[in-house]
Amino acid sequence: MPALLRALNERTVLDAVRASGPISRAEVARQTGISRPTVSLVLRSLLEDGLVRETAHDPDQPHYGAVYYEADPEAAVVLGVDLGARAVRTALCDLAGEVRAREEIRSRGSVEERIEALTSTVRSLLRTGKLPLDLLENAVVALPAVVSPADGRVSSADLPGLGASDLRRQLERALRVPVKLENDVNLAAVAEQRHGVAQDVADFAFLLVGAGLGAAVVLEWKLHRGHNGAAGELDAVRNGRTDEVDPCAAAIAKHAAEVAAGKETVLEPPYEVREIFAAARDGDAVAVAVVEETARRIALHVLPLAATLDLPLVVLGGSVGANADLLVPVRRHLEELLPFPAPRVEVSALGEAAVIEGALAAGTDAALERVFERRVRT
C-alpha cells in the first residue's frame with residue numbers, strides 16, 4: 001500500500017507541475033491537497049529521476065524566494081508522422097510539446113519504400129534537433145485509413161499496402177520504438193481540440209475535405225471511434241445516390257471543367273483548388289459557381305452528422321475544406337436542410353499542420369505514461 005500511495009502522490013504532483021509550471025511547492029500542495037512535506041519529498045524524487053527540473057519563477061507573480069518547478073521536457077521525445085498519399089510529414093517534439101525538428105518529404109513507391117525513407121528522415125530529425133537516439137520514446141503514425149480500436153487492424157486504406165497485417169510491426173522494427181497507428185482525421189480533431197477552434201467544446205466533428213474525405217467525431221471530450229473504428233467514414237453517404245455529391249479535389253476539378261466548357265473564365269486545366277477559390281474571390285462567374293457547388297456538397301456531408309448527433313460545432317479542414325470562402329454558403333445550405341438550428345461551422349485554425357499536431361499530442365500523452373510507468377516499476 002505505501003508503494004501504491006507513493007505512486008499516486010507522484011503522479012498527482014507531476015500532473016500539477018505539468019499543468020501549472022512554473023509552480024512552487026506551496027502551490028502544488030494547495031492545488032493537490034497533499035501535505036507540504038510530502039510534496040517536498042515527491043518533488044525531490046521526481047527531480048532526481050529527471051521528470052521535473054527547477055526553473056525561474058513567473059515574473060508577473062510574487063515569489064518570496066520560493067523554488068519553482070516545471071516538467072523536464074527532455075525526459076523523452078516523441079515522433080509524429082502524417083503518412084499521406086503525396087508526402088510524409090514528420091516532427092519531433094519534447095514532453096512540453098515544443099517541436100524540436102520537422103521535415104516533409106515527397107513520398108512514392110511501396111509502403112516498404114516509404115518506411116525506409118521515414119527511417120532516414122527520423123535520423124535527420126534527431127541530428128537537426130541535436131537529440132540522442134535513445135531519447136526517442138514512441139511514435140504515432142497517422143494513416144488515411146480506418147484503424148480498428150480493438151487490434152489496430154488497418155482497412156479502407158487510401159494507399160496500397162497500408163492494410164498489411166504487420167504494418168505496425170514493420171514500423172516498430174524500422175523505428176525501434178513502440179508505434180501507435182491512428183486515423184489521420186481523428187488526430188486532426190485531437191489537435192483542433194487542444195489548440196484550435198474546438199477548445200472548450202465537448203462535442204464537435206472535424207470534416208477533412210481534400211484529396212480524400214473523412215470525418216472525426218468527438219463526444220463528451222473523447223474521440224468516438226465506433227465499433228470498427230469507422231465512425232465518420234462519410235464516403236458511404238454517396239452510396240446509392242445518382243447525383244454527384246463528392247466534394248473532394250478531383251471531383252471539384254472535374255465539375256469545374258464541365259462548368260467552364262464554352263464559357264469565358266480565367267480557369268484552365270488542371271483546375272487546381274487554389275486557383276478556383278482565388279478566381280472566385282476575384283468575381284469569376286464560373287469559379288463562383290464551382291465554389292457554390294462545393295459548399296452544397298460539403299453541406300450534404302455535414303448533414304448526417306448534424307442530424308444524428310445535433311452537434312454545436314463542425315470544423316472544416318483539408319485543401320478544399322479549409323477555404324474560408326465556403327463558410328457562408330455551407331451555413332446557408334445547412335439552414336435550408338435542417339429543421340432545427342444548424343451547427344456552427346468554422347475553418348480549422350491549424351490548416352495542413354492539424355494531423356501532425358494531433359499525432360504529436362497523442363504521442364506526448366503516451367510517452368508521459370510510459371516514462372512514468374517505467375520509473376514506477378524500477
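User: How much space lies in the second largest pocket?
Analyst: This is a predicted model, in which local features need pLDDT of at least 70, side-chain atom pairs count only at pLDDT 80 or more, and totals for chains, interfaces and linings use all residues. Residues are numbered from 1 along each chain as its sequence is written, and side-chain values use heavy atoms, without hydrogens and water. A pocket is an open set of points on a 1 Å grid over the protein atoms alone, with protein on both sides within 12 Å along at least five of seven lines. Probe spheres set on the points (joined across faces, edges and corners) fill the volume, which for the second largest pocket is about 390 Å³.

User: Which helix supplies the largest share of the lining of the second largest pocket?
Analyst: Lining residues have an atom within 4 Å of a point, and the second largest pocket has 19 of them, with R18, L95, A96, G97 and T364 nearest its centre. Helices (H or I, at least four residues) and strands (E, at least two) are DSSP runs numbered from the N terminus. At least two lining residues come from each of α1 (2–20), β3 (68–71), α6 (184–195) and α12 (354–377). The largest share, five residues, belongs to α12.

User: How many charged residues are in the lining of the second largest pocket?
Analyst: Asp, Glu, Lys and Arg count as charged; Ala, Val, Leu, Ile, Met, Phe, Trp, Tyr, Cys and Pro as nonpolar; the others, Gly among them, as polar. This lining has nine nonpolar and four polar residues, and its charged residues number six.

User: Which helix gives the largest share of the lining of the largest pocket?
Analyst: The largest pocket holds about 1,300 Å³ of space. It is lined by 48 residues, and L208, G210, A211, G212 and S319 are the closest to its centre. By class, 22 are nonpolar, eleven polar and 15 charged. The largest share, five residues, comes from residues 273–281, which is helix α8.

User: How much space lies in the largest cavity?
Analyst: In a cavity, a 1.4 Å probe fits but cannot get out. The structure has one cavity of 30 Å³ or more. The space in the largest cavity is about 70 Å³.

User: Which element supplies the largest share of the lining of the largest cavity?
Analyst: L14, L51, A71, D72, A75, L95, L368, V371 and F372 line the largest cavity. By class, eight of these residues are nonpolar, none is polar and one is charged. Three residues, the largest share, come from α12.

User: How many nonpolar residues are in the contact of α1 with α3?
Analyst: Contact means heavy atoms within 4.5 Å. On the α1 side are N9, E10, V13, L14 and V17, which meet T38, V39, V42, L43, S45 and L46 in α3. The contact includes three polar residues and one charged, and its nonpolar residues number seven.

User: Which strands stand at the edges of the sheet?
Analyst: The open sheet has five strands in the order β13-β12-β11-β14-β15, with mixed pairing; two strands pair if DSSP finds at least two bridges between them. Each edge strand has a single partner, so one side of it is left without a neighbour in the sheet. The edge strands are β13 (222–223) and β15 (344–347).
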